[in-house]
Amino acid sequence: MGVRPVSPLEIWRNPILVRYLRSRLRAKGLLLRAIPTMILVSFVGLIAYYGGSNYHRGQLFLEESMRQQELPASSGGEPSEEQGRDRVEAATDLSGEARRVGARTAFLAIFVVQCCLLMLWGTFSVAVGVSREAIEGILEYQRLTPMSPLAKIVGYVLGLPIRETVLCLMTLPFTVFTVQVGEIPSHLVWKLYLVMATSSLMYHMTGFLAGIVVKNRFMSGLLSQLMMIVLYLLLPQLSRLGYVIFLYLTVRPVFMESLGVLFEQREGDQMEVSGSEPFFQVEVPLLWFTLLMQGFLFSVFLLVVYRRI
């Protein structure tokens, strides 16, 4: 009886994915990258936590000082004992609120580091890995195997950035801690991480395409990262001219919406992001519109790679 070809959905049987699981997750190499990653995430998280909490304390202390300066003029005397108790209770509430704001700031800072791990570093690994496979002739050899092109794409897109994915998963305890301390709504967390996952897949497919087109390994990785920089820094500026569609190829719309929810931004404090987008005659929620735009571009890249591999 012949061996049944691997289905694209059977990722646990995908030989390309298994190969990279064994080669890129060796204990020594993973440990050498995990230690500086955890140190970086700890440093960024602590800086953001204490910075956010101290800034919030300073803002409230300034408001309280301004109120106290107006108190003698309005009351004509010293504060009463009841007012003193109110101050103690307000200070206690201030400490809890400052911790909450600090944890929410740390949550967003850690999320940015995780995005860099998956999107920048992971995309670079995909582009360089595919370019190396093409130079060494392994891509040509893969065409002789009974695997379908879609199964090969799944193996490469999930296998080449597997080390960066594991490093990102190792930082999730920091995320869980900040979510609990900051009392962050669960629906906001899964929205952010869902968009991060879909954006990472789209960028990995971009790196795959860059690795096939550009034969030089370093240039393919550099090209994929330059494309991300353009996507995040340059193309969103076109939204000022009315080309807002480029914003939804990134995590920025959902991130800015979450920023307003977490810190209850007042009008004019930050870039205003609508909770829905018009699509013909239908108002589509911001999350689903982002997934729709990213899914469309991912499908285009998938079709191009499918014909080339």
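Is E133 buried or exposed? E133 counts as buried, because its relative accessibility is 0%; buried means under 20% relative accessible area, exposed means over 50%, and partly exposed lies in between (1.4 Å probe, protein chains only). What you see above is a predicted model, in which local features need pLDDT of at least 70 and side-chain atom pairs count only at pLDDT 80 or more, while totals for chains, interfaces and linings use all residues. Residues are numbered from 1 along each chain as its sequence is written, and side-chain values use heavy atoms, with hydrogens and water left out.

**The whole chain**

- The protein chain has 11 helices and two strands; helices (H or I, at least four residues) and strands (E, at least two) are DSSP runs, numbered from the N terminus.
- Starting at the N terminus, the order of elements is α-α-α-α-α-α-α-α-α-α-β-β-α.
- Of the 309 residues in the protein chain, 40% are buried.
- The accessible surface of the protein chain is about 17700 Å², and 66% of that surface belongs to carbon and sulfur atoms; accessible areas come from the Shrake-Rupley method with a 1.4 Å probe, and for residues only the protein chains shown count as cover.
- Take the contacts (heavy atoms within 4.5 Å) between residues at least 6 apart in sequence: 80% of them join residues at least 24 apart.

**Salt bridges**

- The structure holds six salt bridges, each a side-chain nitrogen of Lys or Arg within 4 Å of a carboxyl oxygen of Asp or Glu.
- One of them joins R19 and E133, whose closest N and O atoms are 2.9 Å apart.
- R19 sits in helix α1 and E133 in helix α3 (residues 81–136), so this pair ties together parts that are 114 residues apart in sequence.
- While E133 is buried, R19 counts as partly exposed at 33% relative accessibility.
- E183 and R100 form another salt bridge, with 3.7 Å between the closest N and O atoms.
- Because E183 lies in the loop between α7 (172–182) and α8 (186–213) and R100 lies in helix α3, the pair links parts that are 83 residues apart in sequence.
- Shared partners join E97, R100 and E183 into one network of salt bridges.
- E10 and R13 also meet through their side chains in a salt bridge (2.8 Å, N to O); E10 is buried at 14% relative accessible area, and R13 is partly exposed at 31%.

**Where α1 meets α6**

- Helix α1 and helix α6 (residues 162–170) pack at an angle of about 65 degrees, with their axes 9 Å apart; axes are lines fitted to C-alpha atoms, for helices over the stretch in contact, and angles run from 0 to 180 degrees between N-to-C directions.
- On the α1 side, Y20, L21, S23 and R24 meet I162, R163 and E164 of α6.
- These contact residues divide into three nonpolar, one polar and three charged.

**A surface patch and a loop residue**

- I11, W12, L158 and L201 make a nonpolar surface patch of about 380 Å².
- W12 lies in the segment before α1 (15–24), and W12 counts as exposed because its relative accessibility is 62%.
- R143 is found in the loop between α4 (138–142) and α5 (149–159), and R143 is partly exposed at 43% relative accessibility.
- R143 and I309 are 166 residues apart in sequence, yet their C-alpha atoms are 7.5 Å apart in space.
- Beyond its neighbours within four places in sequence, R143 is in contact with K152, R308 and I309.

Notes
Patches are made of residues with over 30% relative accessible area and no salt bridge: like charges are joined within 9 Å, nonpolar side chains (Val, Leu, Ile, Met, Phe, Trp, Tyr) within 5 Å. Ala, Val, Leu, Ile, Met, Phe, Trp, Tyr, Cys and Pro count as nonpolar, Asp, Glu, Lys and Arg as charged, and the others, Gly among them, as polar.
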